[in-house]
Amino acid sequence: MLASNRRNLAIFFLVFGICLTTFAVALNVGWILLSLEQIALLVFGIIFFALIITGLILNTVFLFREIRRNEQHDAFINSVTHELKTPIASLRLYLETLKTRETDEEQRQKFYDTMLADTDRLHRMVEQVLFAGSTGDRRRRLHLSKIRLNNLLQDSNEAVRRRYGLDKTALDLQTDGEVRVRGDAQELQIAFTNLLDNAVKYSNAEVHVAVKVENVSEKQVEIQITDSGIGISQGELKRIFRRFYRVPGRAAQKVKGTGIGLSIVQAIIKKHGGRILAKSAGEGLGTTFIVRLPKA
Amino acid sequence: MKILVVEDEQSLAEGLRFNLNAEGYETKIAPDGETALTLMLSDKEMFDAIVLDIMLPGIDGFEVAANLRQAGIYAPILMLTARGNAEDVLRGFESGADDYLSKPFELTIFLARIRGLLRRREWLKNEMPVEKPAEDSFSFNGKTINFQNLELKSGSETVRLTLMEAKLLRHLINKAGNTVSRKEILEDVWELHEDTDTRAIDNFIVRLRRYLEDDPTRPKHLLTVRGIGYRFLKS
């Protein structure tokens, strides 16, 4: 069924639910007026109608939530389809170009670099989707070891810097001595790379991301990732960790994404006994992600 | 020949530019819809064809196509879609695109489609009617459709037709008096061979009726044949 048909049908049922609720309230008021003199009937009627009205309201609210969830799901499928097919299209285009056209050595090398970047992108997207599928699995086990946090953050910085072709000053890492955490190195790498990738993606033309590591107590370390990007309004700060959720508004929608990155990050940090929160002074004023992890 | 590639994926855009240049076309890249609209609407830069991605940051491809058509820019549009579902394709045609290609695509097919688009105006001008005379211009009920420059004149009023509107109209005029099914229109006019929703055609017919009929709510020329399709009657 077409999305527009589905939306029309959903709107019809929403309006239908609201009309039924209004009708039930009107009946209830009528019943009260008619039965004022018969207390038993009045009480029975009020309870009965109250139950019907509650049922109708709950039904409408759940319907509305389901519609929203479906729309987010559709948007996710569209983004993933786009993110998978675009690098494949690019790879195919360059392979066909190399096969059918005369190219000089310099051009060929440039094409190979583009193709490698496309395969990296494809690999990241596949990993992200597979990982998102496994985060809900409670039996998922971590491969724990003692990790040097500074090295891990340095590696994530380097990966993101290379991905976007940024110079060294764009991503600044400030450490607080050597800190070790106990965790799954691969998963923590995914989490911090995701956060840094977001910080760069949602930055304006000039990228400046500060990563600060601080020993907040004997047991905990705090990592702050601050960008000077498009920011997030107060109302959206809690919603951004929901799976498939994407911040509405033109500035955020200009950046492509699937809406699963931050939900993956939160799942990883929670699994490691830590917590994550986001702070922003508002739209256009940058964002800070604060991660707290237990030390090893 | 000058072609605009509206594509936010730099690698894909550069690959397309390389190949279009190699074919002898002058190519320009717009990384998003806003840049494309600025180029054509504000800077008044003219292009012979436009390659337009749907999923663009900010304004999407559908909106770009609709804005261009509304502003009277009728350069043929080849739409690129990653999703490739019938809904996207039909929505693209409704917003004014002339052809589509699903990603990933074959380079040879992409280049053939571009050549086809550039040729299509000529093709529309020179197409030989199959059954009834559908000349470069066709007149009825005080209205004249000029297939050469895609214009419909009604008294002093002139309406610009998109390539697809003109193609659909020509198809119906060629089969004047006969009922043409929606499926046939999809296959012959849009070249879609899917068992798909045909309501996009209905929207095109509504638009054409607004141009052609004295009272679009009571059509006398573009008639609906219930459950089947449409029939064109000259008088």
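Me: In which sense do strand S3 and strand S4 of chain B pair, and over how many bridges?
Reply: In this predicted model, strand S3 of chain B covers residues 49–53 and strand S4 of chain B covers residues 77–81. Within this pairing, B:Val51 stands opposite B:Leu78 in S4(B). The two strands pair in the parallel sense, and the number of bridges is four.

Me: What is the order of the strands in the open sheet of chain B?
Reply: The sheet is formed by five strands with parallel pairing. Its edges are strand S2 (26–30) and strand S5 (99–102) of chain B, each of which pairs on one side only. Neighbouring strands are turned against each other by 20 degrees on average, direction ignored. The order in chain B is S2-S1-S3-S4-S5.

Me: Which strands does helix H3 of chain B touch where it packs on the sheet?
Reply: Helix H3 of chain B comprises residues 61–70, and its direction makes about 150 degrees with that of S3(B). The strands it touches are S1 (2–6), S3 and S4 of chain B.

Me: At what angle to S4(B) does helix H4 of chain B run?
Reply: Helix H4 of chain B consists of residues 86–95. This helix lies across S4 and S5 of chain B. Its angle to S4(B) is about 155 degrees.

Me: Which residues of the largest nonpolar core touch the most other members?
Reply: This core holds 71 residues, and helix H6 (residues 163–174) of chain B gives the most to it, with seven residues. Apart from it lies another core of 38 residues, including A:Leu152, A:Leu153, A:Ile223 and A:Phe289. In the largest core, the residues touching the most other members are B:Val6, B:Ile50, B:Val51 and B:Leu52.

Me: Which residues does B:Leu52 touch, not counting those up to four places away in sequence?
Reply: B:Leu52 is one of the residues that touch the most other members of the largest nonpolar core. With residues up to four places away in sequence left out, its contacts are B:Val6, B:Gly61, B:Val64, B:Ala65, B:Ile77, B:Leu78, B:Met79, B:Leu80 and B:Ala97.

Me: Which residues of H1(B) are buried?
Reply: Helix H1 of chain B spans residues 10–22 and reaches 18 Å from its first C-alpha to its last, close to the 18 Å expected at 1.5 Å a residue. Just after H1(B), B:Gly24 takes a positive phi of about 100 degrees. The buried residues of the helix are B:Ser11, B:Leu12, B:Ala13, B:Glu14, B:Gly15, B:Leu16, B:Asn19 and B:Leu20.

Me: Against which helices do the buried residues of H3(A) pack?
Reply: H3(A) has 31 residues and reaches 45 Å from its first C-alpha to its last, close to the expected 45 Å. Its buried residues include A:Phe111, A:Met115, A:Asp118 and A:Ala132. They pack against H2 and helix H7 (261–271) of chain A together with H1 of chain B.

Me: Which element gives the most to the side of chain A that touches chain B?
Reply: The contact takes 24 residues from chain A and 19 residues from chain B. Helix H2 (39–100) and helix H3 (105–135) of chain A each supply at least two residues of the side that touches chain B. With 14 residues, the element that gives the most is H2(A).

Me: How many bridges join S5(A) to strand S7 of chain A?
Reply: S5(A) also pairs with strand S4 (residues 209–215) of chain A in the antiparallel sense over six bridges, and these two form a hairpin with four residues between them. Towards S7(A), A:Thr226 stands opposite A:Thr288. S5(A) and S7(A) (residues 287–294) run antiparallel, and the number of bridges joining them is seven.

Me: What is the radius of gyration of chain A?
Reply: For a compact globule of 296 residues, a value near 19 Å would apply. The C-alpha trace of chain A spans about 95 × 60 × 40 Å along its principal axes, and buried residues make up 24% of the chain. The radius of gyration of chain A is 26 Å.

Terms used. Residues are numbered from 1 along each chain as its sequence is written. Chains are lettered from A and ligands numbered from 1 in the order in which they are written. This is a predicted model: local features need pLDDT of at least 70, side-chain atom pairs count only at pLDDT 80 or more; totals for chains, interfaces and linings use all residues. A nonpolar core is a set of buried Ala, Val, Leu, Ile, Met, Phe, Trp, Tyr and Cys residues joined through C-beta atoms within 7 Å. A residue is buried if 20 or more other C-beta atoms lie within 10 Å of its own, exposed if 12 or fewer, and partly exposed in between; C-beta atoms are placed from the backbone. Two residues are in contact if their C-beta atoms, placed from the backbone, lie within 7 Å. The radius of gyration is taken over C-alpha atoms; the globule rule is 2.2 Å times the number of residues to the power 0.38. The expected span of a helix is 1.5 Å times one less than its number of residues. Two strands pair if DSSP finds at least two bridges between them. Axes are lines fitted to C-alpha atoms, for helices over the stretch in contact, and angles run from 0 to 180 degrees between N-to-C directions.
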